[in-house]
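Here is a short note for a colleague who has not looked at this structure before.

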Amino acid sequence: MRQQQERILWLDMARALAVVGMVVYHFTFDLAMFGYIPAPTPVTGFWAIFARAVAGSFIALAGFGLVLAHWRGIGWRRFWRRLGIVAAGAALVSLATWFVMPGQFVFFGILHSIALSSVIGLAFLRLHWVGMLGLAAAVIALPQVWRDVIFDAPPLWFVGLSAHVRPSIDFEPFFPWFGAFLIGMAVAKLMLSAGPMARSTPTPAMERVSFIGRHSLVIYLIHQPVLIGLFISWNWLNG
């Protein structure tokens, strides 16, 4: 039991780093949205790469967590509970962004991608980590070398193989982002195949950081409304 708790602590700390990266990026995005920095800043150059790295880390950590939770056998009750929470969060993001910016609302963002990848990832739980990495490479490469007009139909945009997709402020389609999920699964399988994961005694600082990771979904859902509210308040106070 102690070892399992330490594994969860380690994973929560990694999630916490991803959350911090997400908040930093969205703060930069909001700076551009409110006119404090040039509008293209968060979608070009370093910040565009940073955004992809943050999204990839969230999705990869979800793949890691899937293996960690179910590699000995799928706990269906636990799986469906977590999937329901993630799917509900995804629906909330879609609904909220549709009201705020209907022309660029999130129809398939990070949470949508994690939910779908979690379901499909179950089929690959028994695959060797080398095979997972090979499959991940294929998933990531496919949309770079092949697309088809059949996927231009709006119901198929989530696949990621279409040539034309409506604008969205957050779009992580199945191809190539399932590749990141598989990488996370592969890393977990590799670590588990090497033996028990390293134990460590959490310090108070580690406990505080892991708190962020344990509540990453809640922070994901509320941080942007909080940031936008702070920007609006700042503009009002200095208007």
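1. A term is needed before the pockets are described. A pocket here is an open set of grid points with protein on both sides within 12 Å along at least five of seven lines, and its lining residues are those with an atom within 4 Å of a point. The model is predicted, and the points that follow should be read with that in mind.

2. The second largest pocket is lined by 31 residues. Those nearest its centre are Arg 15, Arg 82, Val 86, Arg 214 and Ser 216. Two or more lining residues come from each of α1, α2, α3, α4 (110–121), α7 (204–214) and α8. The top contributor is α2, with 8 residues. The volume of this second largest pocket is about 880 Å³, and its lining divides into 18 nonpolar, 7 polar and 6 charged residues.

3. The largest pocket has a volume of about 1,200 Å³. Its lining has 39 residues, and His 26, Val 106, Ile 169, Asp 170 and Phe 171 lie nearest the centre. At least two lining residues are supplied by each of α1 (2–33), α2 (45–70), α3 (76–100), α6 (174–193) and α8 (216–237). By class, the lining of the largest pocket comprises 29 nonpolar, 5 polar and 5 charged residues.

4. How many aromatic pairs does the structure hold? There are 21. In one of them, the ring centres of Trp 47 and Phe 50 are 5.4 Å apart and the planes stand at 80 degrees; planes over 60 degrees apart count as edge-to-face, so this pair is edge-to-face. Both residues belong to helix α2, where they are 3 residues apart, about one turn of the helix. An α-helix has 3.6 residues a turn, so residues three or four places apart point the same way.

5. Are Trp 47 and Phe 50 buried, partly exposed or exposed? Trp 47 counts as partly exposed because its relative accessibility is 22%. Phe 50 is also at 22% relative accessibility and therefore counts as partly exposed.

6. Phe 107 and Trp 157 form a tilted aromatic pair, with 5.6 Å from centre to centre and 50 degrees between the planes. This pair links distant parts of the chain, 50 residues apart: Phe 107 is in the loop between α3 and α4, and Trp 157 is in the loop between α5 (129–145) and α6. Both Phe 107 and Trp 157 are buried.

7. One aromatic cluster is formed by Phe 124, Phe 174, Phe 175, Phe 178 and Phe 181.

8. Helix α6 has 20 residues and spans 27 Å from its first C-alpha to its last, close to the 28 Å expected at 1.5 Å a residue. Why is α6 described as largely enclosed by the rest of the structure? The description applies because 14 of its 20 residues are buried.

9. The structure holds 1 salt bridge. Its partners are Asp 12 and Arg 15, whose closest N and O atoms are 2.9 Å apart. Both lie in helix α1, 3 residues apart, about one turn of the helix. Asp 12 counts as buried because its relative accessibility is 3%.

Terms used
Residues are numbered from 1 along each chain as its sequence is written. This is a predicted model: local features need pLDDT of at least 70, side-chain atom pairs count only at pLDDT 80 or more; totals for chains, interfaces and linings use all residues. Side-chain values use heavy atoms; hydrogens and water are left out. On a 1 Å grid over the protein atoms alone, a cavity is a set of points where a 1.4 Å probe fits but cannot get out, and a pocket is an open set with protein on both sides within 12 Å along at least five of seven lines; lining residues have an atom within 4 Å of a point. Grid points are joined across faces, edges and corners, and a volume is the space filled by probe spheres set on the points. Helices (H or I, at least four residues) and strands (E, at least two) are DSSP runs, numbered from the N terminus. Ala, Val, Leu, Ile, Met, Phe, Trp, Tyr, Cys and Pro count as nonpolar, Asp, Glu, Lys and Arg as charged, and the others, Gly among them, as polar. Rings of Phe, Tyr and Trp (its six-membered ring) pair if their centres lie within 6.5 Å; planes under 30 degrees apart count as stacked, over 60 as edge-to-face and the rest as tilted. Buried means under 20% relative accessible area, exposed over 50%, partly exposed in between (1.4 Å probe, protein chains only). The expected span of a helix is 1.5 Å times one less than its number of residues. A salt bridge is a side-chain nitrogen of Lys or Arg within 4 Å of a carboxyl oxygen of Asp or Glu.
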